[in-house]
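Please look through the sequence and the 3D structure below before reading on. The report that follows treats charged pairs and nonpolar packing in turn.

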Amino acid sequence: MAGTRTYPRELDRPIRDVQAFLSGRGGLRPFAVASADFEPLPPGGDRELPFAFVNEVPAADLPPEFGAAFGEGVLARLRGWSRGGALPWALRVRLRHAHWRAGESTAAGFAAAGEQAVHEFDESVAEGTGPRRLVTLPLTGRRAEPAGPGRDVHVRLVKPWMCGHYAVATAEFTPLPADADELFEFVLDVPDERLPRPYAEAFERGLREELYAAGDGRLPVRPFRVRLHDAQWHEVDSNELIFGVAGRRAAAEALGPALAPGYGG
């Protein structure tokens with residue numbers, strides 16, 4: 001997460017419309033779309049657990065257990081960044097919008113969306129920009145069909161003499177139409193036994209960072225559906241950092257030198 005000096009940190013302003021999106025394609029991740037506001041809590045109060053969650057999505061629009069799971073995912077990610085039992089941020093998280101699909105959405109999927117939203121919030125604060133747009137809201141409900149042929153990009157980051165430097169991945173980049181609901185869609189077709197989920201999510205974050213850095217920071221330079229369909233990892237030399245670099249490398253190659261801002265490694 002962004003560098004911190006004291007726990008908990010306090011926001012100087014709300015960060016509105018932080019989005020999370022799990023596409024559900026491929027059957028390995030449940031579908032979930034959520035938008036939440038991250039608001040500063042007032043000074044004082046419980047300093048060990050400076051956190052509140054409010055679900056403002058009506059039960060008619062989202063099963064309450066999905067909304068509760070989103071809040072649990074947010075808190076789980078914050079607790080993962082805690083120091084000495086103190087959370088990193090003093091926050092009230094307000095779930096404002098959400099979309100689900102019968103047969104494709106689960107509570108676990110919305111918990112994962114909550115964790116993704118925390119990453120999006122933290123990166124927005126660190127970069128000093130507004131949060132990235134992953135989908136257009138309100139959704140029309142249609143699934144975007146490709147605007148052009150897909151292209152496989154293979155990335156191999158392997159240095160046997162360097163600890164913590166092993167990531168191999170192949171992803172298909174397919175352009176989406178400019179009027180699609182989805183601005184960036186990540187499809188995970190590699191099961192957990194072939195690639196630990198944290199590494200796949202780090203690859204996804206690296207993709208987003210590069211595709212959005214080539215744009216204005218809030219919108220991607222062009223909408224892509226990216227399908228990760230092959231990967232290799234090492235029990236000792238793989239980590240989330242190197243798979244994040246692999247994601248940035250793959251996106252930079254897909255964009256080409258005219259658009260890619262540099263993959264940072």
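Two residues are said here to be in contact when they have heavy atoms within 4.5 Å of each other. The model is a predicted one, in which local features need pLDDT of at least 70 and side-chain atom pairs count only at pLDDT 80 or more, while totals for chains, interfaces and linings use all residues. Residues are numbered from 1 along each chain as its sequence is written, and side-chain values use heavy atoms, with hydrogens and water left out.

**Nonpolar cores**

By that contact rule, leucine 207 touches Phe173, Phe184, Phe186, Val226, Gly247, Arg248, Ala250 and Ala251, when residues up to four places away in sequence are not counted. A nonpolar core is a set of buried Ala, Val, Leu, Ile, Met, Phe, Trp, Tyr and Cys residues joined through side-chain atoms within 4.5 Å, where buried means under 20% relative accessible area, exposed means over 50%, and partly exposed lies in between (1.4 Å probe, protein chains only). The largest such core has 38 residues, and Phe173, Leu195, Phe203, Leu207 and Leu228 have the most contacts inside it. The elements giving two or more residues to this core are β6 (151-158), β7, β8 (184-188), α3 (197-213), β9 and α4 (240-255); helices (H or I, at least four residues) and strands (E, at least two) are DSSP runs numbered from the N terminus. Its largest share, eight residues, comes from α4. A second, separate core of 30 residues includes Val18, Ala32, Ala69 and Trp81.

**Salt bridges**

A salt bridge is a side-chain nitrogen of Lys or Arg within 4 Å of a carboxyl oxygen of Asp or Glu, and the structure holds 25 of them. Among them are the following pairs.

| Pair | Closest N and O atoms |
|---|---|
| Arginine 94 and glutamate 39 | 2.9 Å |
| Arginine 227 and glutamate 172 | 3.3 Å |
| Aspartate 192 and arginine 197 | 2.7 Å |

The pair of arginine 94, in strand β5 (residues 89-99), and glutamate 39, in strand β3 (residues 32-40), links distant parts of the chain, 55 residues apart. Both arginine 94 and glutamate 39 are buried, and both belong to a network of salt bridges that also links Arg16, Asp37, Glu56, Arg92 and Arg96.

Arginine 227 forms a salt bridge with glutamate 172. Because arginine 227 lies in strand β9 (residues 224-232) and glutamate 172 in strand β7 (residues 166-175), this pair ties together parts that are 55 residues apart in sequence. Arginine 227 has a relative accessible area of 26%, so it counts as partly exposed, and glutamate 172 is partly exposed at 23%. In the remaining pair of the table, aspartate 192 is partly exposed at 41%, as is arginine 197 at 23%.
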